[in-house]
Structure formats: structure tokens, C-alpha cells
Amino acid sequence: MPVEEFVAGWISGALGLVLGHPFDTVKVRLQTQTTYRGIVDCMVKIYRHESLLGFFKGMSFPLASIAVVNSVLFGVYSNTLLVLTATSHQERRAQPPSYTHIFLAGCTGGFLQAYCLAPFDLIKVRLQNQTEPVAQPGSPQPQYQGPVHCAASIFREEGYRGLFRGAWALMLRDTPTVGIYFITYEGLCRQYTPEGQNPSSATVLVAGGFAGIASWVAATPLDVIKSRMQMDGLRRRVYQGVLDCMVSSVRQEGLGVFFRGVTINSARAFPVNAVTFLSYEYLLRWWG
Ligand SMILES: C[N+](C)(C)CCCC[C@H](N)C(=O)O
């Protein structure tokens, strides 16, 4: 099993995460809190109340984890394609796999990375939702003092299963949408690249960016439900499951609730995934 795709996925995921985390923090706040009037209002309040550091809350953990998760996403995708088509990453420009195989490989990577991602994503969302100012003498102490304290508190209060709160919603979100992610990327690369050649940097950046937007727009409805399931149980259990969360969210806020954060998701998705795919491609070419 070639490991270079896993390593390239690790490095490219970390680069994309740092670029996108502030967008992600604004998105999570908009999805789970009702105190903000919109993206700009949320960004201004975070900056005024929590300083620039407020945008990077909960990033340390995903920096280690998202790299692993991205490593699983790209590594499983590429190796599933190897099993389905007997072609390596380098050979696929000359022998392009079918879109069915690309979608199946993407769904496989999406499902497995979601299982790895679940505990890390839960901790990220819990930390991002702490609105206290960054620790200052005399300021109110947030419930969680950091990622490790958050993980220990969840484990102590909710047990091992508590660390996988929202995992089903995460798997439902990521399995089909990672398939969409890779189909969009491969489709745009083929559209703008002469047959048998490697896509140019500009093609990789644009294809990666739009792959990120397409997959996040498709993922946003379950992304909202996932974030709410992860915040559930913080004080008292509100939802009985994914379906109950969906039904009660629509009842209380209308169908628009499913697209809470879609704008910020898309704004974040383009640069993050443009950088992710560019670094991934170049690392593999360098190793190729
Ligand atoms: C499947 N879903 C759309 C949720 C994510 C796909 C893109 C993953 C990328 N590392 C990013 O953070 O944007």
C-alpha cells in the first residue's frame, strides 16, 4: 500500500487547516448560537470580545488531528482506486479511472476518515463555542481549559461513547460528499487538461477550490445537524438522535436552518481546498 498519499494528505491537510480555521470558527458559532446577526457581526464580536486569538480557538487539536484525518481521506481514496483500477496515482493521468470508481473511492475515504475525525471534531466544536474572552485575569473561566481537558471532561461526564457524539451525523455528512469532492476535482482537472498530461498549478487550484465548495454546499445541511448533536448533552440532552434533531430544528427555525453557515463554509472551502490539492499534487509529483 503506497504510503506517500497518506503523508502528502497529512501535510496538505495541515496547510489547509491553518488557512481555514477562522472561517470554520465563525461557521460553528453561526450554526449553534443565535446571538449573531450574520457573518460580519460574528467576526466583529469575536475580534472585539476575544481578540484575533478567538478565531483560532480549538485549532491546536485539529492541527494534529485534521492532518491525520486528511491523511486517511486521501490515502484511503487513492488506495481504494488502486484496488478498483490497479492504477497508481501517477498512472491515472494516462489511464483515468471512471467517475463511478472515483465516487466509490471517495465515499470509502469519507466514511473511514469520519470515524477518525469524530472525537477531534467534537472537541473542536465544543472549544469553538466557548465565547468567554481569551483567558485574562478576572475574566470568567470557560468550561473547558483546552483540548485535553475537554476530552477528559467529556470522557468523565459522558464516557467513551460521549467522545463520539454526533459521529453518525458526521459519517452521513462526509460519506457522499467526499465522493462529490473527488468527482468535482477530477472532472474539472480533466476538463482543462490535455489528455495524458498533469494539470497545471492554476487548474489544480481552481479545481480544488470548486471541489471544496461543491462538497461543502452538499454537506452543510448535515453539518448543521452534526454541530448541534455535538453541542447536545452539554447541559441536558435535547435531541433523541439525528432525525429528531433535524425535525425539531426545522419545526423551530424552518428549512433555512439547513443552510446556516453555507456562505462561510463556501468562502472557507475555496482557499483551503485549493491549497490542499496543490500541495498534495506537488508532494506526490516530487515523490513520484
Ligand atoms: C466532506 N466535507 C465536505 C465535509 C469535507 C471535504 C473537504 C475536506 C477539507 N479538508 C476541508 O476541510 O475543507
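Modeller: Helices here are DSSP runs of at least four residues, numbered from the N terminus. The model before us is predicted. One place to begin is Thr-87, which sits in the loop between helix H3 (60-85) and H4.

Biologist: Is Thr-87 buried or exposed?

Modeller: A residue counts as buried under 20% relative accessible area and as exposed over 50%. Thr-87 has a relative accessible area of 2%, so Thr-87 is buried. Its side chain also makes a polar contact, at 2.6 Å, with the side chain of Thr-85.

Biologist: Which class does Ala-94 fall into, buried or exposed?

Modeller: Ala-94 lies in the loop between H3 and H4. With a relative accessible area of 59%, Ala-94 is exposed. Along the chain, Ala-94 and Val-83 are 11 residues apart, and 17 Å separates their C-alpha atoms.

Biologist: How should one read the length of a helix, and what span should H9 have?

Modeller: The expected span is 1.5 Å times one less than the number of residues. Helix H9 (residues 262-287) has 26 residues and should therefore span 38 Å; the end C-alpha atoms are 36 Å apart, which agrees.

Biologist: What span does helix H4 have between its end C-alpha atoms?

Modeller: Helix H4 (residues 99-128) spans only 37 Å, whereas a straight helix of 30 residues would span 44 Å. H4 bends by about 50° at Leu-117, and the proline Pro-119 follows within four residues.

Biologist: Where does UniProt place the feature "transmembrane region"?

Modeller: The unreviewed UniProt entry places that feature at residues 55-78. In the model, this span is 79% helix and 0% strand, and its end C-alpha atoms lie 33 Å apart.

Biologist: Which residues are around the ligand?

Modeller: To read such surroundings, one lists the residues with a heavy atom within 4 Å of the molecule. Here they include Asn-70, Arg-173, Asp-174, Tyr-181, Trp-216, Arg-268 and Asn-273.

Methods
Residues are numbered from 1 along each chain as its sequence is written. This is a predicted model: local features need pLDDT of at least 70, side-chain atom pairs count only at pLDDT 80 or more; totals for chains, interfaces and linings use all residues. Side-chain values use heavy atoms; hydrogens and water are left out. UniProt positions are given in the numbering used here, feature names are shortened, and annotations may be inferred rather than shown by experiment. Helices (H or I, at least four residues) and strands (E, at least two) are DSSP runs, numbered from the N terminus. The bend at a residue is the angle between axes fitted to the seven residues ending there and the seven starting there. Buried means under 20% relative accessible area, exposed over 50%, partly exposed in between (1.4 Å probe, protein chains only). A polar contact is a pair of N or O atoms within 3.5 Å; within protein, one must be able to donate a hydrogen and the other to accept it, and residues adjacent in sequence count only if both atoms are side-chain atoms.
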